[in-house]
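Subject: Structure handover

Dear colleague,

Please find the structure below. My notes on it come after, and I would be glad if you read them with the model open.

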Amino acid sequence: MPHGHSRLGGAGGRSTPSSPLSSPRSRHGRSRSFGGGRWPKKSLVERLVLAIVSAVFRRRGVLLFAPVLYITGMVLYMGSFGFDVGLRRNADGPAPPGSVYRSPQVFEKLWPLMETASNSSFNALTMAWSPTLHQSWKPCGSMTISQIGSKQLPESNGFLIIEANGGLNQQRLSICDVVAVAGLLNATLVIPIFHLNSVWQDSSNFSDIFDEDFFIDSLKNNVKIVRELPEDMLQRFDYNISSIVNLRVKAWSSPNHYLEKVLPRMKELGAVRIAPFSNRLANAVPSPVQGLRCLANFEALRFAEPIRVLAERMVQRMIRRSSEGGGRYVSVHLRFEKDMVAFSCCEYDGGEEEKREMDVAREKGWRGKFRRKGRVIKPGANRMDGKCPLTPLEVGMMLRGMGFDNTTSVYVAAGKIYKEEKFMAPLKLMFPHLQTKDTLATPEELAPFKIGSS
C-alpha cells in the first residue's frame, strides 16, 4: 500500500518505502531564513507560521494538522495583541462591564429600596424549611452503608499514608477521598497527616479536630484504619516516614490510575505515601467508590468532643437570640479572609494600599508562585469570570435579594475578615441581628481553640 510505512523508519533493520518529502526546514538546513537567503528577513513568529504552513501543505495529512494550525494561529493572534480583556481599557472609555468592583455604588442606590422592603410582611425565613422543598433531595450514599461492608475484610495490600494539605475544608475533602482510595485498593489507611501550611499556620493533628475513635469504628466494615505504622514497618523505613516512597499522583486521577500505578507499588514496597493529596481523586467515580466518600463525609467524620460541646452551646444561644424568626436563623460562611483575597488576585476599592498589602500577602503565603516567569495577574478578567470572593456587602445584598429581611438573625462563620471594620459595616446595616463566635461564646470558652486557625 502506498504510504504504509512505519513511523519508526528503518527500525529493526527492515527497509521501508521512502518517506514523503521533508519540510523546507529540513531540506535547507537550519538557516535563519529557511531558504538560503531567498526570503526577506522575517520575525520569529512569521518564520514559525511559514514553516508550519509549508510543512502542512506539502503533506497529505493536511486535515490531521488543520486543528493544530488553527489553534496555533489563534494563540499567535491573541498574543500579538496582548489580549487581556480584564486589564485593557480604551484610553477614552470606561472599563469593560463587570471588570471593576462597583458594589458599594450599587448598594448606595439600592439601600432606600431595602429599607422600604424591610417593612413587608414576607420573610424568606418562613419558607426555607418547608418540607416540600426537600422532597427531591437524595443522599449520595446509602444510610446503611456502614452495615453493608464486610465483617471480615480481606488481607490488606499494604499501607497508604497521605498528607492532607490546605485549610480545614480541603483537609476534609482529602480525608473523604483517601477513604475511597483505600477501599478501592484494599489498603490499610494510616490516620492522615495534616500538613503545616504557610498560610494557615495550624499545627493541629487529626485528633485535635476530628473524633479519631469514632472515625475508625465507623469505617471498620469497609476500610481498615490504624493510627500509625506497625513496628516492623517502621523498622523497615528506619522510623522515618519520609523514607517511604512518595508517589506523585496527578490531580483528579481516575480509579484506574490508582489500580494500575499505585497498587503495584504498594504491593511491592508494603507502604506508599502520597503528598500532597489535595484533589487527587476524580469527581466522577463508580458508585461503590463514591459510596465510601459519602460514608466518610456524612457518617465517619465528626468533630472532636470539645468542639462539639461548645458548638452545641452556641447553637442553643443562637436559637434563643432568633426569637423574631421563631428560633430560625441563617448561617453564612464568609470567605473574605486576607489570604483568600490575596490568592484570588482580585482588586476591590482599596487602591494602591490594597495592591501593596496583597503583594506582600501573596509573597508571604506562596513564596514567589505569583512572580513566576509568564505569570500575569489579571484582576479585571478574574472578576468578569466570576472568580472573585464575595465581599460581606455582596453577600448581604444577595441574602436581601433572596427575601431575607432585616429581622433575620444571621450567624457569620469566618476567619478574620480582611479590613473587617470597613467590609462588615454594610452587612451589619442590612442585618442588625448578626452574631459571630465572638458574640456567642465567652473568651474563656474560645481560649482552648485559639492555637489553630482550623
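This is a predicted model: local features need pLDDT of at least 70, side-chain atom pairs count only at pLDDT 80 or more; totals for chains, interfaces and linings use all residues.

Residues are numbered from 1 along each chain as its sequence is written, and side-chain values use heavy atoms, with hydrogens and water left out.

Whole chain

The chain has 19 helices and eight strands; these are DSSP runs numbered from the N terminus, with helices being H or I of at least four residues and strands E of at least two. Of the 454 residues, 38% are buried (buried is under 20% relative accessible area, exposed over 50%, partly exposed in between, with a 1.4 Å probe and protein chains only). The chain exposes about 27900 Å², and 56% of that comes from carbon and sulfur atoms (Shrake-Rupley method, 1.4 Å probe; for residues, only the protein chains shown count as cover). Among contacts in the chain with a separation of 6 or more, 76% are between residues 24 or more positions apart (contact means heavy atoms within 4.5 Å).

Helix pairs

The axes of helix 16 (residues 392–402) and helix 17 (residues 420–430) come within 7 Å and cross at roughly 20°. That angle makes helix 16 roughly parallel to helix 17. Axes here are lines fitted to C-alpha atoms, for helices over the stretch in contact, and angles run from 0 to 180 degrees between N-to-C directions. Angles under 35 degrees count as roughly parallel, over 145 as roughly antiparallel, 65 to 115 as roughly perpendicular and the rest as oblique. The crossing of helix 16 and helix 17 is left-handed (the near helix is turned anticlockwise from the far one by less than a right angle; clockwise would be right-handed). Helix 16 contributes Pro-392, Leu-393, Gly-396, Met-397 and Arg-400 to the contact, and helix 17 contributes Phe-423, Met-424, Pro-426, Leu-427 and Met-430. By class, this contact has eight nonpolar, one polar and one charged residues (Ala, Val, Leu, Ile, Met, Phe, Trp, Tyr, Cys and Pro count as nonpolar, Asp, Glu, Lys and Arg as charged, and the others, Gly among them, as polar).

For helix 6 (residues 168–185) and helix 10 (residues 255–269), the axes come within 10 Å and cross at roughly 65°. Helix 6 and helix 10 are therefore roughly perpendicular to each other, and their crossing is right-handed. Val-181, Leu-184 and Leu-185 of helix 6 meet Pro-255, Tyr-258, Leu-259, Val-262, Leu-263 and Met-266 of helix 10. This contact has nine nonpolar, no polar and no charged residues.

Single residues

Met-314 lies in helix 12 (residues 305–320) and is buried, at 12% relative accessible area. Leaving aside residues up to four places away in sequence, Met-314 touches Tyr-411, Lys-437, Leu-440 and Ala-441. The C-alpha atoms of Met-314 and Leu-440 are 5.9 Å apart, although the two residues are separated by 126 positions along the chain.

The peptide bond from Ala-275 to Pro-276 is cis, with omega near 5°; Pro-276 sits in the loop between strand 5 (271–274) and helix 11 (287–300). Cys-345, not a glycine, has a positive phi of about 60°. Cys-345 belongs to the loop between helix 13 (338–344) and helix 14 (351–366) and is buried, at 6% relative accessibility. Arg-367, also not a glycine, has a positive phi of about 40°. Arg-367 is in the loop between helix 14 and helix 15 (379–384) and is exposed, with a relative accessible area of 66%.

Regards
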